[in-house]
Amino acid sequence: LRLYEQTYAEISLSKYLYSVRDRVSRDPSTLRMIIEKLFDLIASSSSSSSSSSNNNNNNNNNNRSSPLSVHSLAVLQTLIKFFSILYLERISSSSSSLSSSTPSLISFGSSSSSIPPPPSSSPALSPSEFNIFLIENILRSNGFEWASSLLQLSLPSIVADNILGKIVNLISTVPSSSSSPVISEDGLLSLIMQVPWSEISTKSSAGEVKEHILSSILPLLAYAANVKPAPYLKVLGALGRILAFIGTTFPDLVMSCVAIMGRSPWPSVLIASIVFSALPFSHLNAQELGIIFRVFSHLHSTSFEQAAQMNEMQKAQSRMAFLQFLFTSQPLLNQLYAQDTVLSKLVFSVRFPFFAIVRRVAFFFCKKHDPHVNFLPNQDQQSPPPSFSVDLGAMAIDEFFYFGFVAPPPPVSAVPAGIDGNSIFSAVQNEARVQLSLLMQAYPRLISRFVGLAVQLAHMPGPGPHNDLQRLFTPFLSSTPAPLSNFVMNGAILDSLCFMLTGKSISSVAPVIVSSSSSPSSSSSSPQQQLLGMNEVKALMHLFLYTPSRPPRMLGSGATLACNLLATTKWSYVSPALRHCAVLAVVSAVQACSQDVQPSQDAASLFWMLLGPLTRQPFEQTFFNEIVSLHSQIEGQGLEPLMVAQVLMALSHLDE
């Protein structure tokens, strides 16, 4: 006995099985009762093991209450698996009797037994009922880790019999404590993975999935998130992937899947930001995209109407709270990636998946609802409904610009222990800039929003990152791939750049240029042939050439940023009117730089470099005649840049 580690429970089981061996082959109800008794033995063993560990110094323990040995538990588990399979075979067979041979697995033990056979009045169970019977016993014996494979779960049975809902009800009715959850993490994960989810597209409809599967996943998420002492991250990750698979299979259920993860307790929304990164957003309307945008941004508890009423201080407070949330979520995100390699590979272990999903939402919003986009193939553009007036593309630019260039580091108290705050903050900035770059490359009209924000930053009072825009923006603008690779100049952007370069605005004398050129065209199309009248040409020349411009040192590093943006412009795709304005602004900037009491050679070099590309294309005749005739009105050092521009423009006309 000692050699085989047989305990009292195993011997009594052997005697019991022998006593009913003749009925096993004939009566499925006997099999059911045998299985139930086996579960009872394991359950009593588990309770005895817990009691023994709590009272290991008690010498009065009875031998019958000692826990089963490893060998005995293995025997019981093997018998349960065997009889469960045998039971399902018996009740699914159409014949009234099977072979009379008794399996050798139960042919052991003594011929005498004091245990009477069970009554044969218990009815046989259907496969669905038997699954519930097994689940009840597995739950009672806490055996999901080893016994979940006994369940014969199929999608038709789950839909028809609401198996998942019944499992949820069973789990919710069993009391649990902080030290002993109703079901372990590995056990619940094993149970969930018994469902053949890959068959969902062929054996279920969207309506059935929504009614019988999604309704049961929500309480499972709540249980896995609220279990103590720590949430079941592997279970949450598996449920999140299942919802993502359902949303991909049934695009009409995308919003239902997002709503489930959004309503579930933390950290469900963190997992959703990872698994929902590849959901099909292309068919969603503007309102639905707006909901997803809010769920994964700092507006998760704020409507767009409320956000529109926020002042800059309130927006900054809301964004800083979101930044602190990103910091505090890092330890849990690292743990999640370590436990679930599928999730980490899904998004390449990015630290801030919220940024990626916000950028995708903005991308699909612009692709479907942006009237200015005409360079992407196969677009099915629609106008946003009148009730939705939010530009998600511009809002995404605002968010990424703030976190990439404006946000200050959070206080030390907001940084979790063991986390390098400087490293995390640098990662936040880099990730926000990457998403900003990707969005501007896809939709160049959003560059005007970026430039407008840069202008605001350049003129922000007080200390801050705006005091050194050159250091702030140069690495970003020179990164690969270039954020402004598809940059197409328009009137609104040029007006902002001219103001950063000279302190003067085109719109003050020629507003028609700014308004009529505000919609960018394709970089592959011809420039808009917009012509300037004589009055406009003279007004622009008077603005830029006869009125002194502020020198770059007074304009701050914004002037250098404007030069960098102008240097990336493809002037061959820009309308003549805009090139006229750009030439005048650059000439004015060089004049101001050369006449400054503290001239900057670096700034002057940048301005000089812009004249060549700007004057490479022929100009409209009226503008050309006016500018080449100017010389006597401008004296001193201010004449030199104008003369250079005149020569370059004359050469371009000569080539033409």
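Biologist: Where do I begin with helices: at what angle do the axes of helix H9 and helix H12 cross?

Modeller: Helices here are DSSP runs of H or I with at least four residues, strands are E runs of at least two, and both are numbered from the N terminus. An axis is a line fitted to C-alpha atoms, for helices over the stretch in contact, and the angle between N-to-C directions runs from 0 to 180 degrees. Helix H9 (residues 185-192) and helix H12 (residues 233-249) cross at roughly 20°, and their axes come within 8 Å. H9 is therefore roughly parallel to H12 (under 35 degrees is roughly parallel, over 145 roughly antiparallel, 65 to 115 roughly perpendicular, the rest oblique).

Biologist: Before we go on, what kind of model is this?

Modeller: This is a predicted model, in which local features need pLDDT of at least 70 and side-chain atom pairs count only at pLDDT 80 or more, while totals for chains, interfaces and linings use all residues. Residues are numbered from 1 along each chain as its sequence is written, and side-chain values use heavy atoms, leaving out hydrogens and water.

Biologist: Thanks! How far apart are the axes of H15 and H20?

Modeller: The axes of H15 and H20 are 9 Å apart, and these helices pack at an angle of about 165°. That angle makes H15 roughly antiparallel to H20.

Biologist: How many aromatic pairs does the structure hold, and how do I read one?

Modeller: A pair of aromatic rings is described by how far apart the centres are and by the angle of the planes. Rings of Phe, Tyr and Trp (its six-membered ring) pair if their centres lie within 6.5 Å; planes under 30 degrees apart are stacked, over 60 edge-to-face, and the rest tilted. The structure holds 20 aromatic pairs. In one of them, Phe281 and Phe364 have ring centres 6.3 Å apart and planes at 90°, so this pair is edge-to-face.

Biologist: Which parts of the chain does the pair of Phe281 and Phe364 tie together?

Modeller: Phe281 lies in the loop between helix H14 (268-275) and helix H15 (286-295), while Phe364 belongs to helix H20 (residues 353-369), so the pair links parts 83 residues apart in sequence.

Biologist: Is Phe281 buried or exposed?

Modeller: Phe281 is buried, at 1% relative accessible area, and Phe364 is buried at 15% (buried is under 20%, exposed over 50%, partly exposed in between, with a 1.4 Å probe and protein chains only).

Biologist: What geometry do Phe355 and Phe400 show?

Modeller: Phe355 and Phe400 make an edge-to-face pair, with 5.9 Å from centre to centre and 85° between the planes. Phe355 sits in helix H20 and Phe400 in helix H21 (residues 392-406), so parts 45 residues apart in sequence are tied together. Phe355 is buried at 3%, and Phe400 is buried at 1%. Both Phe355 and Phe400 belong to one aromatic cluster, whose members also include Trp266, Phe296 and Tyr402.

Biologist: Which residue lies over the face of Tyr402?

Modeller: A charge sits over a ring if NZ of Lys or CZ of Arg is within 6 Å of the ring centre and within 35 degrees of the ring normal. Arg319 lies over the face of Tyr402, at 5.2 Å from the ring centre. Arg32 lies over the face of Phe133, at 5.4 Å.

Biologist: One last stop: where is Thr622 found?

Modeller: Thr622 is found in helix H32 (residues 621-628) and is partly exposed, with a relative accessible area of 24%. Its C-alpha atom is 8.2 Å from that of Val537, although Thr622 and Val537 are 85 residues apart along the chain.
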